[in-house]
Amino acid sequence: GGVPPATDLVLGATAGCLACFLTNPLEVVKTRLQLQGELQAPGTYPRPYRGVLRAAVAVCRADGLRGLQKGLAAGLLYQGLMNGVRFYCYSLAEDAGWTGYPGGTVAAGAVAGAVGAIVGSPAYLVKTHLQAQTLSAMAVGHQHNHESISSAFKSIYQQHGVVGLWRGVTGAVPRVTVGSAVQLATFASAKDWVCEHQWFRKGSWAAVLAAGMVSSVAVAVAMTPFDVISTRLYNQPVDADGTGKLYRGFLDCILQISNKEGLLGLYKGIGAVYFRLGPHTVLSLFFWDKLRNM
């Protein structure tokens with residue numbers, strides 16, 4: 001590296017935020033697709049959102065073009081916290097020499113991701129709530145009806161205290177841990193594979209983009225079920241004491257979705273997850289690399 005961990009923290013956070021600005025519309029679409037038909041058998045519910053592109057058009061119709069940037073402030077806060085912490089922890093692991101051991105990079109990436117997810121969880125909770133909010137005709141999932149990001153934090157805190165802000169974190173940790181580990185494990189080998197087949201010049205951004213898109217297939221397949229679960233846990237309505245009204249927790253959520261929506265229910269929004277992952281990964285890496293070289 002040669003870059004101190006604190007600098008990595010700032011650069012990682014900045015890179016994540018720049019990427020987030022460009023990929024947030026896909027987050028909005030993904031949230032809607034994942035909440036659509038919640039705990040209902042396939043084919044028994046209206047589907048205002050069908051596929052990534054048509055869903056994006058539907059969001060624009062209901063909420064205007066600005067609707068595609070719903071939850072952006074919360075998304076930026078999450079990316080800043082999550083990636084800052086993630087890059088910082090990863091940098092510490094590198095400095096401690098952990099990444100030198102076999103499997104060390106994957107383990108360090110997974111742990112760094114988990115810590116990042118815990119720190120960023122309240123921001124992700126609010127982001128999910130804001131992105132799900134829309135006109136009643138197009139509404140899917142529970143509607144929390146927050147006025148703004150600050151009032152969202154305030155009302156959750158007033159009703160459920162500090163614990164309420166970390167609700168749904170049990171879905172977030174496996175989501176990021178699995179995503180981080182699979183991404184780190186596949187990204188480097190995907191890059192080598194792309195260059196070996198001489199599609200692109202080694203070290204060119206085209207090679208990195210292609211590697212990002214290849215590695216994202218693995219990440220999307222591994223991560224989407226966890227992504228659906230965390231969206232559902234974050235968005236579910238809760239009792240006064242903070243107990244979820246739909247799901248008791250992580251395992252209950254998996255079981256209920258697979259029983260009522262079928263196994264494919266766990267893959268809702270995979271298109272949006274994939275289209276977001278490739279560019280997001282690559283943009284983050286691109287901005288991070290460029291910022292480090294400045």
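Predicted model: local features only at pLDDT ≥ 70, side-chain atom pairs only at ≥ 80, totals over all residues.
Q: What are the corresponding values for residues 3-96?
A: For residues 3-96 the end C-alpha atoms are 14 Å apart, with 72% helix and 0% strand.

Q: How is the span of a helix such as α2 read?
A: Compare its reach with the span expected at 1.5 Å a residue. Helix α2, residues 51-63, has 13 residues and reaches 18 Å from its first C-alpha to its last, close to the expected 18 Å. Just after α2, G64 has a positive phi of about 75°.

Q: Which residues of α2 are buried, and which are exposed?
A: An α-helix has 3.6 residues a turn, so residues three or four places apart point the same way. In α2 the buried residues are V52, A55, A58, V59 and A62. They lie on the same side of α2 because they cover an arc of only 120° around the axis. L53, R54 and R61 are exposed on the other side.

Q: What do the buried residues of α2 pack against?
A: They pack against α1 (5-35) and α9 (270-293).

Q: How many disulfides are there?
A: A disulfide is a covalent bond between the sulfur atoms of two cysteines. The count here is 0.

Q: Why do C195 and C253 count as buried?
A: Buried means under 20% relative accessible area. C195 counts as buried because its relative accessibility is 11%; C253 does so because its value is 0%.

Definitions and conventions
Residues numbered from 1 in each chain as written. Heavy atoms only, no water. Disulfide = S-S within 2.5 Å. Buried < 20%, exposed > 50% of the residue type's maximum accessible area, 1.4 Å probe, protein only. Helix = DSSP H or I, 4+ residues; strand = E, 2+ residues; numbered from the N terminus. Expected span 1.5 Å × (residues − 1). Arc of directions from axis to C-beta. Contact = heavy atoms within 4.5 Å.
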